[in-house]
Amino acid sequence: REDRVFYFSLAAVSLIWLVYAFTGSYALVLMLQFTEGILIAGCGILLAARFQRIVSKDYMARISALNELFGSFGKLAGMGCMIPVLHSFSFSEVVVLSSLIMALFAGAGLMAFNMWKTIRGAQPQVMAVPLAQPAH
């Protein structure tokens, strides 16, 4: 169930981004940013809860640190990639493109989850590979 909530939340965020591209209302943008913040925070909580279910307690801190590290690097890489895009396209075009990418990711994730569930008959289980043996 939480997988569907996760992907539908991402789809909702993509719709919010689409509205950003076409609205001129400051009040609407503030309300949508509030909603977007709730949805993104909820996705973060769902990811953290999934990590806690599938990762041994001995590795939880390492996996959480890697998650934060990759998330931070992804944000930096995204900023770097967007600089040339912003020089070539308008703000609205970039926001629409970002919205479409997020919607495609959410749709693909939901389809992959549903296909996996159909094939396996249950929710996918992910096994974490240990990075090193825990000290005892």
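Which helix holds Val 13? Val 13 is found in helix H1. The model examined here is predicted; local features require pLDDT of at least 70, side-chain atom pairs count only at pLDDT 80 or more, and totals for chains, interfaces and linings use all residues. Residues are numbered from 1 along each chain as its sequence is written, and side-chain values use heavy atoms, with hydrogens and water left out.

The protein chain contains four helices and zero strands. Helices (H or I, at least four residues) and strands (E, at least two) are DSSP runs, numbered from the N terminus. Read from the N terminus on, the elements run α-α-α-α. The chain has 136 residues, of which 23% are buried. Buried means under 20% relative accessible area, exposed over 50%, and partly exposed in between (1.4 Å probe, protein chains only).

Helix H1 covers residues 2–22. Its 21 residues should span 30 Å at 1.5 Å a residue, and the end C-alpha atoms lie 31 Å apart, which agrees. The expected span is 1.5 Å times one less than the number of residues. The buried residues of H1 are Asp 3, Phe 6, Tyr 7, Ser 9, Leu 10, Val 13, Ser 14, Ile 16, Tyr 20 and Ala 21. Seen down the axis of H1, these residues fall within an arc of 170°, so they line one face of the helix. The arc is taken over the directions from the helix axis to the C-beta atoms. Phe 8, Leu 15 and Phe 22 are exposed, on the face of H1 turned away from its buried side.

Val 13 is buried, with a relative accessible area of 0%. Val 13 and Gln 33 are 20 residues apart in sequence and 9.5 Å apart in space, C-alpha to C-alpha. Arg 4 also belongs to helix H1. At 32% relative accessibility, Arg 4 counts as partly exposed. Arg 4 and Asn 114 are separated by 110 residues in sequence, yet by 9.1 Å in space, C-alpha to C-alpha.

Two packed helices are described by the angle between their axes and the distance between the axes. Axes are lines fitted to C-alpha atoms, for helices over the stretch in contact, and angles run from 0 to 180 degrees between N-to-C directions. The axes of H1 and helix H2 (residues 26–54) come within 9 Å and cross at roughly 155°. H1 and H2 are therefore roughly antiparallel to each other. Angles under 35 degrees count as roughly parallel, over 145 as roughly antiparallel, 65 to 115 as roughly perpendicular and the rest as oblique. The crossing of H1 and H2 is left-handed. A crossing is left-handed if the near helix is turned anticlockwise from the far one by less than a right angle, and right-handed if clockwise.

The axes of H2 and helix H3 (residues 60–88) come within 10 Å and cross at roughly 150°. H2 and H3 are therefore roughly antiparallel. H2 passes H3 in a right-handed crossing.
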